[in-house]
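Please read it alongside the model shown here.

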Amino acid sequence: MEQGSFVEHHEGCGRLDRRRLLGLIGGGAAGLVAGVPLWRPALAAEGTEALLLNCIDYRLTGATTRYMTQHGMAGKYDQVILAGAALGAKNDKFPAWGTTFWDHVQIALDLHHIRRIVVIDHRDCGAYKVILGKDLTGKEEFELHAAQMRALRADIGNKYPQLQVQLLLMALDGKVETVA
């Protein structure tokens with residue numbers, strides 16, 4: 001048998017999958033006897049507040065998780081990861097990434113009823129170098145990220161005016177600046 005959990009191994013084969021497991025946990029054995037559905041979408045939506053968009057950069061995965069946890073978001077957000085974060089969601093070089101981002105926003109709304117999107121770009125981002133050909137530092141780097149994030153926030157506001165958008169720029173040491 002391949003490595004992986006029982007749930008992963010049996011997903012989609014009519015046995016115990018993640019959805020049924022959630023239903024068993026939420027509905028208990030009484031749900032099985034009463035014949036009620038084992039999976040209830042409301043279970044998945046409870047507590048989800050946001051969709052986090054961040055970069056693929058391995059140097060900041062831990063810092064990003066720590067930031068979200070320190071701000072009361074542990075277990076309360078969905079996550080989509082694109083190289084360049086805001087730039088990944090809005091660029092001409094890889095337009096399919098933008099489609100992926102918008103599809104994820106819609107799914108997060110439909111399934112988890114998110115109320116906001118948190119965008120975390122970071123300094124020294126290789127995607128900005130590859131996609132835009134720019135390798136800036138300091139204030140110029142901040143302004144480039146800020147312009148990209150603000151443009152994405154405007155697009156989100158046009159498409160989903162009910163969603164709040166939070167823009168953040170993370171340094172490699174994990175310190176975070178708010179982008180207004």
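1. Ile-117 stands opposite Val-165 in E4. This is part of the pairing of E3 with E4, which run parallel and are joined by seven bridges; two strands are taken to pair if DSSP finds at least two bridges between them. In E4, Gln-164 is the bridge partner of Arg-116. Helices (H or I, at least four residues) and strands (E, at least two) are DSSP runs, numbered from the N terminus.

2. Basis of the model. This is a predicted model, in which local features need pLDDT of at least 70 and side-chain atom pairs count only at pLDDT 80 or more, while totals for chains, interfaces and linings use all residues. Residues are numbered from 1 along each chain as its sequence is written, and side-chain values use heavy atoms, with hydrogens and water left out.

3. Overall content. The protein chain comprises eight helices and five strands, in the sequence pattern α-α-α-β-α-β-α-α-β-α-α-β-β. Of its 180 residues, 39% count as buried, where buried means under 20% relative accessible area, exposed over 50%, and partly exposed in between (1.4 Å probe, protein chains only). Among contacts (heavy atoms within 4.5 Å) between residues at least 6 apart in sequence, 68% join residues at least 24 apart.

4. The sheet. The five strands form an open sheet of mixed pairing, in the order E2-E1-E3-E4-E5. Strand E2 (77-81) and strand E5 (176-179) are the edge strands, each pairing on one side only. Neighbouring strands are turned by 25° against each other on average, direction ignored; axes are lines fitted to C-alpha atoms, for helices over the stretch in contact, and angles run from 0 to 180 degrees between N-to-C directions.

5. Remaining strand pairs. E1 pairs with E3 in the parallel sense over five bridges, and here Asn-54 stands opposite Ile-120 in E3. E1 and E2 are also parallel, over five bridges, with Val-80 in E2 as the bridge partner of Leu-53. E4 and E5, by contrast, run antiparallel and are joined by four bridges; Met-170 stands opposite Val-176 in E5. Their hairpin has five residues between the strands, and Gly-174 takes a positive phi near 90° there.

6. Burial of the strands. Which residues of E3 point each way? Arg-116, Val-118, Ile-120 and His-122 point one way and Ile-117, Val-119 and Asp-121 the other, and all are buried. In a regular strand the side chains alternate between the two faces of the sheet. E4 is mostly covered as well, with five of its seven residues buried.

7. Nonpolar cores. A nonpolar core is a set of buried Ala, Val, Leu, Ile, Met, Phe, Trp, Tyr and Cys residues joined through side-chain atoms within 4.5 Å. The largest has 34 residues, of which Leu-53, Phe-101, Val-105, Ile-117, Val-119 and Leu-152 touch the most other members. Elements that each supply at least two residues include strand E1 (50-54), helix H6 (95-112), strand E3 (116-122), helix H8 (138-159) and strand E4 (164-170). H8 gives the most, with six residues. Not counting residues up to four places away in sequence, Phe-101 touches Leu-51, Leu-53, Val-80, Leu-82, Ala-89, Ile-117, Leu-152 and Ile-156. Apart from this core lies another, of 12 residues, including Ala-50, Leu-60, Val-118 and Ile-120.

8. Helix H4. The buried residues of H4 are Ala-63, Thr-64, Tyr-67 and Met-68. Seen down the helix axis, they fall within an arc of 135°, so they line one face of H4; the arc is that of the directions from the helix axis to the C-beta atoms. The face turned away from this buried side carries the exposed residues Arg-66 and Gln-70. The cover over the buried residues of H4 includes E1, E2, E3, E4 and E5. Gly-72, which follows H4, has a positive phi, near 70°.

9. Asp-57. Asp-57 lies in the loop between E1 and helix H4 (61-70). Is Asp-57 buried or exposed? Asp-57 counts as buried because its relative accessibility is 11%. Its side chain makes a polar contact with that of Arg-59 (2.6 Å); such a contact is a pair of N or O atoms within 3.5 Å, and within protein one must be able to donate a hydrogen and the other to accept it, with residues adjacent in sequence counting only if both atoms are side-chain atoms. The C-alpha atoms of Asp-57 and Gly-126 are separated by 8.4 Å, although these residues are 69 apart along the chain.
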